[in-house]
Amino acid sequence: MTAFISLRYGRREKHALVTLEDTDREILYPVLFWENSIGRSRTSDIRIKDPTVSREHAVLLRRSNGWFIADTGSKAGVYVNGQQAQGRTPVYIGDQIRLGLSVLTLRRADDTTAYSEREYLRYKEAKRESRTVTGSVLLMLITVYILFLTAEAVLNMNSFAPVIAPLGFVTVMWIFYAVSRRFFKRRCFELEALAFLLSGTGIILNTVHDQRQSFVQLAALVLGIIIYCFMLWFIEVPDRVMKWRWLIAVGALGMLGLTIAIGTNLNGAKNWIVLGPVSIQPAEFVKIAYIFIGASTLDYLQTRKNLFGFILVSGMYVGVLVLMSDFGTAVIFFATFLVIAFMRSGDFKTIILAVTAAALAIIVVLSVKPYIAARFQAWGHVWEYATEEGYQQINTLIYSSSGGLFGVGLSKGCLQYVFASESDLVFGLATEELGLIIAVLCGVVIGGLMLYARAVITRSRSTFYSIAACSAAGLLVFQAALNIFGVVDLLPLTGVTLPFVSYGGSSMAACWGLLAFIKSADERTYSHRHAKTVPADDDDDGYERSDDPDYTDYTEQAYTRI
Amino acid sequence: MKRTRTRSIMVVLLTLAYFAGLIYHIVNLSLHSSEWVSMPQNAHIADSEGLADAGMIYDRNGIVLAQSLNGTRIYNASEAVRRACLHVVGDDSTNISTAVQTIYRSELSGYNFIFGLGQPDFIRTSNNITLTIDAGLQTTALSALGDRKGAVIVYNYKTGEILCMTSTPTYDPQNVPEDIETNDDYEGAYLNRVLSGVYPPGSTFKLVTSAAALEYIPDAENIEYNCTGSDEIGTKEFNCFSVSGLVTMREALAQSCNCYFGFLALRLGGEQMTAQAQKMGFNNCYTIDGAQTAKSIYNVSEANDNELAWSGVGQYTVLSTPINMAIISAAVANGGIPVMPYFIKEIKGATGTLKSGSTSLGSIMMPPDIAQKLYDYMDYTVETNYGKNYFCSSLDICAKTGTAEIDEGIAHAWVTGFSKDEDCPLAFAVVVEHGNSGYGVAIPVATAVLDAAAAASTLHPYSRFRSAP
């Protein structure tokens, strides 16, 4: 809804952070991103048409403590002020960088010509047009929405019991808002608003059917928010992620192994660990670990195509999931693998190879264990299996039709009596009781996470964040597709949850964890702290010096846009 | 970064595919919602509540068959009418899957995709349904069938309107018997046997075998065969009810000689027999106003010679629904192309007419010259074998009976045919379970209904209701 309006801000790359000036040839290269590839290749961010420059020559990075340059295996090498750059070498304003025979000087963006002036005017124009919605307004809208539904539930059920969980939810949401603003100095809440909208809808649906479930869901939401905040802190420094990633990989695999060893088989898949009153699905949390491992790569700007280690890890994860008969999650991991592999390598051959290998593996598995295929035989003709494998789907279709656009009312539905209605069939339950509009809106919001991720990736501080955001959003969208299209018989029913909405504590908490990846790609997430910690006279860029007060404000905005 | 952005198009495509899927789902749901919402599994409407505000159901003459008053469903005042129309109208439950109150429950109660079933009463617009059946004919058919289980279908082969569609056993929808699930007398009471009952067609299937022979064997009508009452086909015996002597096709059909048609089937072979049977509606379901018929079956892929011969006289594993046989008779009467039967004349409400029945043609069953020959043969059969007067005093009927042997118990009695009258063009089929004789049992039932129909047509000529195509 309104959250999307605020997503329409101008693209960051429209104005330069700094510039590189080739004084010999009088060419000015604007540096637009936090990580820029330099080379002769057409896809380089800074393309230098000089035969002595390699296709992938170097990468110019911005970190919180300044600009750096790193050689990415060039033939002629990189020299900063005459010294050959080894590893990551700091570059200061005025330094000369020699790549082959080309000599580039790092300059502030406002030092040079009318370029930035023009951009500045363009920015002011864009600012006049843009309408942003503040976080408090968004959360207020969600509060109204939730309270409205709560009132409906109270009227329909003639009982005040269903008010507890929604009120708890609203409280949690505003506490999160207050804490985020005061202690983390965050200013934007679009992404969180989307997730709260979905989580709140899920909690409302649970509270009218099974109050205990709604409390579980609420507790999971709190846990999820804690994970979310922890993750945002943890991945703030990419180097920390690099250091930990192998430990995370092994830990996650160990968790899956443990599930196989001591796991419990509930509803056809051995993917639960039961600890007293708490039962968790470790595979949900492994999703977070998987994106850590996949996105954290030391290859600067995906110039290398070495995916061997990652493919190995992915194969192990998917294999273990298949052993657990958790095919839905296995497919999600595979889809996420494809996204990460492509984002990292840009190599279609790898993708085609992986898909072919997977297809072969499926054929082998099906020929060895044909009963697995029987689980999916109803797909496409659910009405013929109305009392068996197609039972959940036909009920979803029947009761979705009964709901119309506005629903039959909370707690008045009949799909609630069908097995797994609050988890696997939650899309149908929402359609029946809340109406097709709200159900589809939930679906669209999940798709919106992807569009959000896509909108922020080029402004993120590192490709690590970009890839992590895209793959996390891709994972959520793919999972939503499996869930929604599974119950309406467009895809086979695999029994995965609808992110944020479905009942399931592990799923809820893990989804918030995944959300952190998308949030971290948005540079505004960390910007306020940087504006404070980075001294104004630091030479990491050229914004802070200007006589025009409005202009200064503008550069500040670039960091701390509200 | 530029590269990352370019590559991220892949996930954007994934998302677009996901959005496309959502749109597909919405479109799909809007197209099928009224069908899905009427499914018998739907607990919202499976009980009488689903009909609390439903519209009226009328027969062709405007007699009210069902209506809702103060939240209850009230059926016609006469118990005989209620019982006779049960399988077409339906009851409060959705147990009779082909009934109007099951298939069109959502239309009756004014369901629409926008509001779903949660529609507030002040904007509810229920629809009324007018059927093509005649309540009078329904009761005539019911009393003619009596206590026997069976089915009667009579429809206008020029317009397609079903005038009578009666199935027994039946029950009173206003007072559903409590022992309906346990009492053997009510066995299969939820089935409309006209649409959903399948029986071995017996000698009525000889119409199909004749059509196949005329289609695939040159000069087939003059093939002669000397029937001695029995013969040996394969290693088993094959027998007739009587000794027909030397017969051609016309005489063989009139005397219903099994041996003649057994040999025809053998000569044609399984492939050609199957081809013709499929043209004539076998191995296929019809959908009539949303009600799907049971599948009539002709499958000789594993039959030996003896069994193939038996299949030629409608035995072996051959099965037919009554409506399928009526459609075959209609095709013969109509020059080889049947007019498809329908029973909904109109669904109309405050928002306009949702559906109105119209004449539609089925696929070609046989060329016109073959239809003409069968027409003559059926005419000849009645004239020489049953007697025109025995059959029906008011209409000129062409027909074929059948006595279908079953594995256990007394044979089923069949008759199918059509009237020659321009003003009263009726095709019909009657099955009486365990009736033992098509001639002795099925024909009197047909006669009673056809006479009543003829009498009704003098008041409201059927030809006037809809013009011929």
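Predicted model: local features only at pLDDT ≥ 70, side-chain atom pairs only at ≥ 80, totals over all residues.
## Before we start

Local features here need a pLDDT of at least 70, side-chain atom pairs count only at pLDDT 80 or more, and totals for chains, interfaces and linings use all residues. Residues are numbered from 1 along each chain as its sequence is written, while chains are lettered from A and ligands numbered from 1 in the order in which they are written.

## Chain B as a whole

Let's begin with chain B, which has 16 helices and 17 strands (DSSP runs numbered from the N terminus: H or I of at least four residues for helices, E of at least two for strands). Its radius of gyration is 25 Å, close to the 23 Å that the globule rule gives for 469 residues, so chain B is as compact as a globular protein of that length. That radius is taken over C-alpha atoms, and the rule is 2.2 Å times the number of residues to the power 0.38.

The C-alpha atoms of chain B fill a box of roughly 85 × 70 × 45 Å along the principal axes. Of the 469 residues in chain B, 54% are buried (20 or more other C-beta atoms within 10 Å of the residue's own; 12 or fewer is exposed, in between is partly exposed, and C-beta atoms are placed from the backbone).

## Where the chains meet

Here 34 residues of chain B are in contact with 51 residues of chain A (contact means C-beta atoms, placed from the backbone, within 7 Å). On chain B's side, α1 (2-7) and α2 (9-37) each supply at least two residues, and α2(B) gives the largest share, with 16 residues. By class, this side of chain B has 19 nonpolar, 11 polar and four charged residues (nonpolar: Ala, Val, Leu, Ile, Met, Phe, Trp, Tyr, Cys and Pro; charged: Asp, Glu, Lys and Arg; polar: the others, Gly among them).

## Two helices in chain A

Now for a pair of helices in chain A: α8 (residues 282-295) and α9 (residues 308-323) have axes that come within 11 Å and cross at roughly 170°. Axes are lines fitted to C-alpha atoms, for helices over the stretch in contact, with angles from 0 to 180 degrees between N-to-C directions. α8(A) and α9(A) are therefore roughly antiparallel (over 145 degrees).

From α8(A), the contact residues include A:Val286 and A:Tyr290, and from α9(A) they include A:Phe310 and A:Leu321. The residues of this contact divide into eight nonpolar, one polar and no charged.

Key
Contact = placed C-beta atoms within 7 Å. Parallel < 35°, antiparallel > 145°, perpendicular 65-115°, else oblique.
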